[in-house]
Amino acid sequence: MTSNSPDIKLKETPVRAPSHVPVDDAVLPFEVASLDLRGRLTRLGPGLDDLLAKHNYPTPVAKLLGEAIVLTTLLGSSLKFDGRFILQTQTDGPVSFLIVDFQAPDRLRAYARFDAGQIRDGQTSGQLLGKGHLAMTIDQGPEMSRYQGLVALQGGSLEDAAHEYFLRSEQIPTRVRLAVGEEWRGGEGGARRRWRGGGMLLQFLPKAPERARQADLHPGDAPEGTATHTVAEDDAWVEGQSLIATVEDVELIDPALSGERLLYRLFHERGVRVFSPLALRAQCSCSRDAVSAMLKSFAAEDRAAMVKDGKVVVTCEFCSSVYQFTPQEAGVEEGAA
Ligand SMILES: [Zn+2]
């Protein structure tokens, strides 16, 4: 088959104008073929608001957890199997623990643990987290081994941690942008502030691997006086990084700007192609059966210690659903409580 075969021509994607219609709670994959760039754009509206609003978090905590949710959608939505992507942080700052659980193809749930007495307005994500680590776990089911990637958190943002992860572990030139904000909007029950989030992941994936060389983040521990070894990055990747750096937070969360319009605004000179979007929804996977099975896995004395006022009450930390059991249902032996 020659390169001008009609079969190949037929496979070309038709060129069309970008859609004006904004789509919330979705991830839009895209490609800028002329620069060997691939990426994903996340826009979150009602789904993010649902995940954050039901917990009544202080604003800085909600914003941080929102950023972790956006990052999770950018990373987890590339899963091609019916698997699970879990992002967790464990740190010594005011927000000591946060978890986002993405279950392919579309379910999201999340929560954060924090010390309310240490939360101040205007704290950055790095100040809220403090020092510790970020773990990303990919679980493909019982027959496959779990994969876990770890990144140290040193007081920087989640964007910094994602860059560090891709540089050290995946070795794919990657830039990430995350934005979360509130908009004042009417709706059922009157006007209130609603959370929105947006994010973009951009990766340089050239066919020739030597073009993917990256400048190191740190100068290393060479003795003083040694000439710094500078790595010249590929022109296409330099251009990709400078384009994503121009994306403003307000563009990522603007409810009136469609994802396609935003991509067109950024990459129109180079040509950008979008693929089918992936819808997302906020939905917990807890159930009475699952909680009951968890209770039965506890030691008998731990179960007995959970009986209060003649019942066992378990609250799901993700969605705040309350499950009540009689001591018998919870497997507590008579006389043990
Ligand atoms: Zn739940």
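Guide: Two residues are in contact if their C-beta atoms, placed from the backbone, lie within 7 Å. In this protein, residues 24 or more positions apart account for 66% of the contacts with a separation of 6 or more. The model is predicted: local features need pLDDT of at least 70 and side-chain atom pairs count only at pLDDT 80 or more, while totals for chains, interfaces and linings use all residues. Residues are numbered from 1 along each chain as its sequence is written.

Visitor: How many helices and strands does the protein have?

Guide: Helices (H or I, at least four residues) and strands (E, at least two) are DSSP runs, numbered from the N terminus. The protein has 10 helices and 14 strands.

Visitor: What is the strand order in the open sheet of 6 strands?

Guide: Strands of a sheet pair through backbone hydrogen bonds, either parallel or antiparallel. Two strands count as paired if DSSP finds at least two bridges between them. Here the order is β7-β6-β3-β4-β5-β12, and the pairing is mixed. At the edges are β7 (147-154) and β12 (281-282), each of which pairs on one side only. Strand β6 (residues 131-139) pairs with β7 in the antiparallel sense over 8 bridges. Within that pair, H133 stands opposite A152 in β7.

Visitor: Which strands does helix α3 touch?

Guide: Helix α3 (residues 59-76) packs on the sheet and touches β3 (84-91), β4 (95-103), β5 (107-114) and β6. For directions, axes are lines fitted to C-alpha atoms, for helices over the stretch in contact, and angles run from 0 to 180 degrees between N-to-C directions. The direction of α3 makes about 35 degrees with that of β4.

Visitor: How is burial read, and what percentage of the residues count as buried?

Guide: A residue is buried if 20 or more other C-beta atoms lie within 10 Å of its own, exposed if 12 or fewer, and partly exposed in between; these C-beta atoms, too, are placed from the backbone. Of the 337 residues of the protein, 33% count as buried.

Visitor: Which peptide bond is cis?

Guide: Most residues other than glycine have a negative phi, and most peptide bonds are trans. The bond from A104 to P105 is cis, with omega near 5 degrees. P105 lies in the loop between β4 and β5.

Visitor: Where is Q171, and is this residue buried or exposed?

Guide: Q171 sits in the loop between α5 (158-170) and β8 (174-185). Although not a glycine, Q171 has a positive phi of about 55 degrees. Q171 is exposed because 12 other C-beta atoms lie within 10 Å.
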